[in-house]
Structures are given as structure tokens and as C-alpha cells.
Amino acid sequence: MDIREVNVLVLAYLGDTIYEDYIRRYLIDKGLNHVNTLQKESIQYVSAKGQAEFLKKMLNQNYFTEEEIDIIKRARNYKTNSHPKNCDIITYKLATGLEALIGYLSLSNKRERIDQIMSYILGGVS
């Protein structure tokens, strides 16, 4: 399978679950042990708005390789008119770009790079 040929929405589908797993583990490691608190705390990270903000910050700091930027752009530019009611299409596409990148890195067996990206997002810039 050529990972570069995988539909970016499929990559985002995979990336979303990996991303959310990192966030959940991070919050549990912080000592949060009530589901309602975990849910409230996770929103800043897992919402499309939160993901888009992290991605924009990282793009502005030239954090990504050219290969990674290509995946982000493919996902961002993918033709779709559907998006959640609680965010605009641009925010949704940026969030999809971040999720697709994580999915791509996972299928490429680049776990260390996912760790670096998630460390950056969670406050320990790597």
C-alpha cells in the first residue's frame, strides 16, 4: 500500500483517534479522575478550533517538514462542503489537516514524530 495514495479523510479518521488517545492519556496522567472534568479539559485540545489553532501556530513556526506540509495541504484542500455546525469550514479543514498528518505518520511508522508533535501541542515544545 502506498500511504501517499490513501484518501486524506481516511488518514484523518485514523489520526483523530490517535490524537484523542494522546489527549486522554495526558489528562489522566495529570491526575484528572472525573469523567466530566476530563471531558471539559479535553475540549481545548480535541475541538476543531483547538486543533486548528495548534496547527496554525506550528505552521507559523515552520515546525513541519515539506513532506508533512504536503499531507496537511492535501487534507486542507480536499473538496468537501460538510463540516460540524459549531465551526466554519476553514477551521474544520485545518483540523482535518492535523488529523490527517497524524494518521499519515502512524501508517508510516513514524511514532517518534507523532510523539514530538503531541509533546509540542501539550506544552512541552520539542
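## Basis of the values

The model is predicted: local features need pLDDT of at least 70, side-chain atom pairs count only at pLDDT 80 or more, and totals for chains, interfaces and linings use all residues. Residues are numbered from 1 along each chain as its sequence is written, and side-chain values use heavy atoms, with hydrogens and water left out.

Helices are DSSP runs (H or I, at least four residues), numbered from the N terminus. Axes are lines fitted to C-alpha atoms, for helices over the stretch in contact. Angles run from 0 to 180 degrees between N-to-C directions.

## Helix α5

Helix α5 spans residues 89–107 and has 19 residues. From first C-alpha to last, α5 reaches 26 Å. That is close to the 27 Å expected at 1.5 Å a residue; the expected span is 1.5 Å times one less than the number of residues. The helix is mostly covered, with 14 of its 19 residues buried. Buried means under 20% relative accessible area, exposed over 50%, and partly exposed in between (1.4 Å probe, protein chains only).

Aspartate 88 caps the N-terminal end of α5. One of its side-chain oxygens lies 3.0 Å from the backbone nitrogen of isoleucine 90. Just after α5, asparagine 109 takes a positive phi of about 60°.

## α1 against α5

Helix α1 covers residues 8–29. The axes of α1 and α5 come within 6 Å and cross at roughly 85°. That makes α1 roughly perpendicular to α5. By angle, under 35 degrees counts as roughly parallel, over 145 as roughly antiparallel, 65 to 115 as roughly perpendicular and the rest as oblique.

Contact means heavy atoms within 4.5 Å. On the α1 side, the contact includes Val8, Leu9, Leu11, Ala12 and Tyr19. On the α5 side, it includes Thr96, Leu98, Glu99, Ile102 and Leu107. By class, the contact of α1 with α5 has 12 nonpolar, four polar and two charged residues. Here Ala, Val, Leu, Ile, Met, Phe, Trp, Tyr, Cys and Pro count as nonpolar, Asp, Glu, Lys and Arg as charged, and the others, Gly among them, as polar.

Leucine 9 lies in α1. At 35% relative accessibility, leucine 9 counts as partly exposed. Leaving aside neighbours within four places in sequence, leucine 9 is in contact with Tyr78 and Thr96. Leucine 9 and glutamate 67 are 58 residues apart in sequence, and their C-alpha atoms are 17 Å apart.

## α2 against α3

Helix α2 (residues 35–46) and helix α3 (residues 48–60) have axes that come within 5 Å and cross at roughly 45°. That makes α2 oblique to α3. Gln44, Tyr45 and Val46 of α2 meet Ala48, Gly50, Gln51 and Phe54 of α3. The residues of this contact divide into four nonpolar, three polar and no charged.

## The Glu99–Gln51 pair

Glutamate 99 lies in α5. Glutamine 51 lies in α3. A polar contact of 3.3 Å joins their side chains. Such a contact is a pair of N or O atoms within 3.5 Å; within protein, one must be able to donate a hydrogen and the other to accept it, and residues adjacent in sequence count only if both atoms are side-chain atoms.

Both partners are buried: glutamate 99 has 13% relative accessibility, and glutamine 51 has 1%. Not counting residues up to four places away in sequence, glutamate 99 touches Leu11, Ala12, Gly15, Asp16 and Gln51. With the neighbours within four places set aside, glutamine 51 is in contact with Tyr19, Tyr45, Val46, Ala95, Leu98 and Glu99. Glutamate 99 and tyrosine 13 are 86 residues apart along the chain, with their C-alpha atoms separated by 7.3 Å. Glutamine 51 and tyrosine 92 are 41 residues apart in sequence and 8.9 Å apart, C-alpha to C-alpha.

## Loop asparagines with positive phi

Asparagine 62 lies in the loop between α3 and α4 (66–76). Its phi is positive, about 50°, although it is not a glycine. Asparagine 62 is exposed, with a relative accessible area of 67%.

Asparagine 109 is found in the loop between α5 and α6 (111–121). Asparagine 109 is not a glycine either, yet has a positive phi of about 60°. At 70% relative accessibility, asparagine 109 counts as exposed.

Methods:
Helices (H or I, at least four residues) and strands (E, at least two) are DSSP runs, numbered from the N terminus.
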